[in-house]
Amino acid sequence: MSRKPFVRPVSKTGWWLKHPRYMRYMSREVTCVFIGAFALLMLCTVERLSKGQAAYDSFIAALQGPLSIFGMLLVLIFALHNATSWFNVTPKALPVQIGEEFLAGKYIIGAHYAVWIVASLVVLFFAGVL
Amino acid sequence: MTQLKKRMVQLEVLRYDPEKDSEPHFQKYEVECNEEWVVLDALNAVKESLDPTLAYRWSCHMAVCGSCGMMINGEPKLSCHAFLRNYDGVIRVEPLANFPIERDLVTVADDFIDKLKRVKPYLIPKEKKTIAEGEYKQTPAQLMKYRQFSMCINCMLCYAACPEYALQPKFLGPAAITLAHRYNQDSRDGGRDERQEVIATNEGVWECSFVGACSEVCPKAVDPAGALQQVKVASTLDWFKEHLLPGGSK
């Protein structure tokens, strides 16, 4: 009896459309594009700041338009999605064993959210918002 | 005695005969089944009453042997664990994705078996003991550290779910790395360095991008995705120890 195993083709580009779990994964991965774009914007802001107060003020003024605000909101949504989707899987990567039991995942996830809130408050404090 | 409820079940099964077919094709069957049956029972009914040429693997019929993994409506499942009552309409049955098809629902598992061998999934004792010296003892807490990962039945559903393995067949894959982790976590084991050479590599754990599909389809709740992330954390700590601590090189 001859063997002739059949290898099914795999789509290099469309595989992630085949199942909702792959789409969820891609939605997490695509957040890096938006966060990367925002990081570039931050670098531009620093560059403008180095050119003096006037350059900085006009740059900030240019970012007040509705399109810019919409872009920022989009970045915020993707940043929140990135943070929450990663926080929610932290118990997998960082299990905490106490004796024979494992600490429930909600405490590990909760600790991440708590640190996130504290860090945000510190940033808002130094930014003069609080 | 209560009469078991019966219903006609339609199956659409991927067939492939390497001696006749150039590529696989679907074949439809309609077979009378008990409502309490699983997909494997339906396949057995087809084989017994309609088509004795249908080829598929199975053994225990109780989610222990790991032989009867198939794609059922596109989802990797143990066919002995897929209850007919959970399916409406035509049930599409295909061989496990990401493996070559040998015949009908039988896949070629050689790649997985080779990878499994490479990670040395067995105890490599820290210190050799003679029988007279007694057993290798372990506390319940030390057992719990790896127990979950020892539940793997090598059914390969995680490989069928993993898009990384589909795109990059060199990837060692979820179950093999999880089993390496299982032994690395064992207090009696001293083989971690040997296994790290295989798993802490680009074809090993660093090929994983944490899709998490492996854990979603695992029928034994092993959580391979968790194991792989833990291997990444441990391997990263190794790197820091090796490169940043004085006298840390291996």
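Hi everyone, let me start with a pair of helices: in chain B, helix α6 (residues 174-184) packs against helix α9 (residues 224-244) at an angle of about 60°, and their axes lie 9 Å apart. Those axes are lines fitted to C-alpha atoms, for helices over the stretch in contact, and angles run from 0 to 180 degrees between N-to-C directions. Helices (H or I, at least four residues) and strands (E, at least two) are DSSP runs, numbered from the N terminus.

A word on the source: this is a predicted model, where local features need pLDDT of at least 70 and side-chain atom pairs count only at pLDDT 80 or more, while totals for chains, interfaces and linings use all residues. Residues are numbered from 1 along each chain as its sequence is written, and chains are lettered from A and ligands numbered from 1 in the order in which they are written.

Back to our pair. α6(B) and α9(B) are therefore oblique to each other; angles under 35 degrees count as roughly parallel, over 145 as roughly antiparallel, 65 to 115 as roughly perpendicular and the rest as oblique. Who makes the contact? From α6(B) come Pro174(B), Ala175(B), Ile177(B), Thr178(B) and His181(B), and from α9(B) come Pro224(B), Ala227(B), Leu228(B), Gln230(B) and Val231(B). Contact here puts the C-beta atoms of two residues, placed from the backbone, within 7 Å. By class, this α6(B)–α9(B) contact has 7 nonpolar, 3 polar and no charged residues. Ala, Val, Leu, Ile, Met, Phe, Trp, Tyr, Cys and Pro count as nonpolar, Asp, Glu, Lys and Arg as charged, and the others, Gly among them, as polar.

Now zoom out. Chain B has 9 helices and 7 strands, and its C-alpha atoms fill a box of roughly 70 × 45 × 30 Å along the principal axes.

On to the sheet: 5 strands of chain B form an open sheet, ordered β2-β1-β5-β3-β4, with mixed pairing. Two strands pair if DSSP finds at least two bridges between them. In chain B, β2 (25-34) and β4 (75-78) stand at the edges with a single partner strand each, so one side of each is left without a neighbour in the sheet. Within it, β3 (residues 69-72) and β5 (residues 91-95) of chain B run antiparallel, joined by 3 bridges. One example is Met70(B), whose bridge partner in β5(B) is Pro95(B).

Last, the two chains together: 18 residues from chain A and 26 residues from chain B make the contact. On the chain A side, α1(A) gives the largest share, 3 residues.
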